[in-house]
Amino acid sequence: MKRKRVFSTCGCVLAMGMAISAVSVQAAVYSSIQSSVTKPQAQAGDGLFDYCSDEVKEFAKNFNKDEVFSLAYRQDGETRIDVATFDADEIQAFFDAMSSIKVKNVTTERSSDCDDIFYFTFADASAYRISFNGHHLEANGLCYEISGDEELWKLANALLKNGDDENDQIDNLETKNQDDTDKSGVINSKNGNEGVKNPGIGGIVGNIGNDAKNNNTNGDAADFADPDAVVSYTLTSIVDQETNETVARCYAPSDYTIEHQIMWWGDGKWQSPASPVQVQIQASDSNMMYQMAYMSDVQYMYDEMYAQQGLYEEGALFYNTYPQLTPMYASGYADFIISSLVTDTDITIEAEEEVTAEQEDILTELAQQCYDEQQTAVQSGGLVVIDGVACTASDRTYSFMLDGIDYRAKVVTMTKIIQFSMTQAAGYSDTYYVWNAPYTYIYMTPTAAFEKGLNDFNLFMLNTKVSDGFIIASSNLSTQLIAQISNGTQSTQTPGDYFKSEMEKQPDTYDTESFCDYILSQNAYETSDGSTIKLPNIYDYVYEGDDGKIYAGNTADQPAGSTRLYAK
């Protein structure tokens with residue numbers, strides 16, 4: 001069994017930022033902000049790290065070269081150069097050089113075209129940034145004269161000459177501590193629990209076997225699913241009471257109870273003009289032993305300058321548009337979700353499967369698609385430079401205790417992160433992240449029943465989703481709301497009315513695929529109404545009943561009043 005990592009939900013640490021290498025890019029339109037500063041408390045003559053934020057001070061205090069994934073260096077002058085090293089000894093040398101620097105006095109000297117930025121990046125997508133302007137330390141909105149920095153610039157110049165440029169960095173990320181089969185811009189995580197240096201992308205798998213022994217001593221262990229038993233599944237349409245529109249569907253075992261919540265901007269912490277409406281669906285059996293949940297897309301924003309000025313607040317709207325949240329790769333976001341749901345207990349990461357080369361190629365293709373869709377926005381304005389985009393997916397299994405019972409949970413999710421910076425034409429230096437989680441699926445049950453419910457959860461993931469029309473209508477509504485906020489205008493329609501009018505223009509289909517469609521072994525069947533249902537390919541016989549239920553099993557005994565369906 002792979003080594004497990006435990007984190008406490010009482011003090012869950014989120015990613016503090018990241019440096020994403022530039023390979024595929026996507027634009028985001030952003031409004032300029034005005035700078036405000038606070039004066040630091042450190043005294044002249046202190047070390048460099050004494051002038052940094054509390055988070056960076058803690059990082060320096062506990063520095064371990066073997067825990068750092070990479071040292072990224074950006075020289076932003078007349079042209080911008082991005083390089084990186086993944087060698088632990090070189091990373092240590094950079095840290096030692098910074099540690100020997102002494103800070104002198106505040107200076108008002110500023111250079112408009114001489115910035116040097118260093119990022120110490122970690123496997124969980126966190127990063128610690130050290131910035132210089134004209135070889136002066138930048139911290140807390142001020143510039144400081146420094147001494148003893150000769151070794152740092154000697155190392156930086158050597159890295160510029162010999163380091164990995166921005167077109168090679170992704171390739172190095174994928175091969176560092178990875179199998180030789182990794183060929184794409186998506187990194188194959190062996191297991192985030194082992195401390196392996198990887199950028200935090202979660203492993204993807206279809207049917208995960210729980211390799212942890214069943215240690216639930218609080219009751220009788222549940223049997224595995226009977227391969228010859230016929231199971232039935234029922235389709236539930238999710239209707240928004242605000243607009244009376246069908247926005248999503250859910251397929252689950254017929255004896256499950258389906259509940260849903262449709263949250264509009266103002267209803268919850270994460271709804272915003274960027275994510276004006278979100279669908280949440282929960283399916284559970286009668287005794288609440290098996291629980292499955294789905295959450296639709298949520299958009300987030302993180303601004304480095306804003307955070308450095310002490311203005312970052314998790315969940316608070318950034319200029320009335322995006323909720324603030326530090327960017328996370330999918331595996332880190334999965335940790336964030338489970339620790340938000342399960343509180344006041346320790347959670348153990350039990351398993352995370354590897355990504356296949358084919359799945360990596362799909363993620364890279366999705367990143368490239370982002371680039372293709374946003375090229376026009378990149379080329380307009382001239383104030384924004386795109387640094388990179390990362391599409392990552394994760395499937396993690398966790399364990400924890402609830403009321404004295406050993407539980408297992410699985411979180412399957414995906415994140416898309418866009419990093420971009422302001423150009424010199426903007427008049428100031430800043431880096432921003434616009435990112436989202438297109439979907440999140442959750443499965444939770446006592447450990448003894450975990451394996452038995454996996455096939456039902458797989459079917460739930462393959463078929464439970466928002467409609468294609470919902471995706472288009474909510475995106476259009478978001479665009480309208482953000483434009484109104486930016487322009488100071490107001491629509492004659494309420495958000496609900498606009499959303500309804502957009503939904504009425506769209507087809508009532510569910511063809512948009514999620515990454516689950518690429519990782520789960522499945523067969524697709526067309527039902528009598530022309531729609532499609534996907535089932536795990538463990539079933540030899542599939543029937544549709546006159547009551548609309550779907551029956552699946554491995555015996556030829558046909559349920560009364562049903563018609564056999566055949567895989568497409």
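## Arg74 and its surroundings

Setting aside residues up to four places away in sequence, Arg74 touches Arg80, Ile81, Asp82, Asp115, Asp116, Ile117, Asp387, Gln419, Ser421 and Thr431. Keep in mind that this is a predicted model. One of those partners, Ser421, also makes a side-chain polar contact of 3.2 Å with Arg74.

Where does Arg74 sit? You'll find Arg74 in strand β2, which covers residues 68–76. Is Arg74 buried or exposed? Its relative accessibility is 5%, and buried means under 20%, so Arg74 counts as buried.

## Asp240, a buried charge

Now hop over to Asp240, which lies in strand β10 (residues 231–240). Asp240 is buried too, yet has no salt bridge. Which side chain of opposite charge is nearest to Asp240? That's Lys500, and it is 8.4 Å away.

Asp240 does have a polar contact, though: its side chain and that of Thr243 are joined at 2.9 Å. Leaving out neighbours within four places in sequence, the residues in contact with Asp240 are Glu245, Val247, Ile262 and Trp264.

## Two hairpins around β7

Strand β6 (residues 127–133) pairs with strand β7 (residues 136–139) in the antiparallel sense, over three bridges. Within this pairing, Phe132 has Leu137 of β7 as its bridge partner. The hairpin of β6 and β7 has two residues between the strands, and Gly134 there takes a positive phi near 55 degrees.

β7 also pairs with strand β8 (residues 142–147), again antiparallel and over three bridges. Here Ala139 is partnered with Leu142 in β8. What sits between β7 and β8? Two residues do, and Asn140 in that turn has a positive phi of about 55 degrees.

Technical notes:
Residues numbered from 1 in each chain as written. Predicted model: local features only at pLDDT ≥ 70, side-chain atom pairs only at ≥ 80, totals over all residues. Heavy atoms only, no water. Helix = DSSP H or I, 4+ residues; strand = E, 2+ residues; numbered from the N terminus. Buried < 20%, exposed > 50% of the residue type's maximum accessible area, 1.4 Å probe, protein only. Polar contact = N/O pair within 3.5 Å; in protein donor to acceptor, adjacent residues only side chain to side chain. Contact = heavy atoms within 4.5 Å. Lys, Arg positive; Asp, Glu negative; His and termini not counted. Salt bridge = Lys/Arg side-chain N within 4 Å of Asp/Glu carboxyl O. Pairing = 2+ DSSP bridges.
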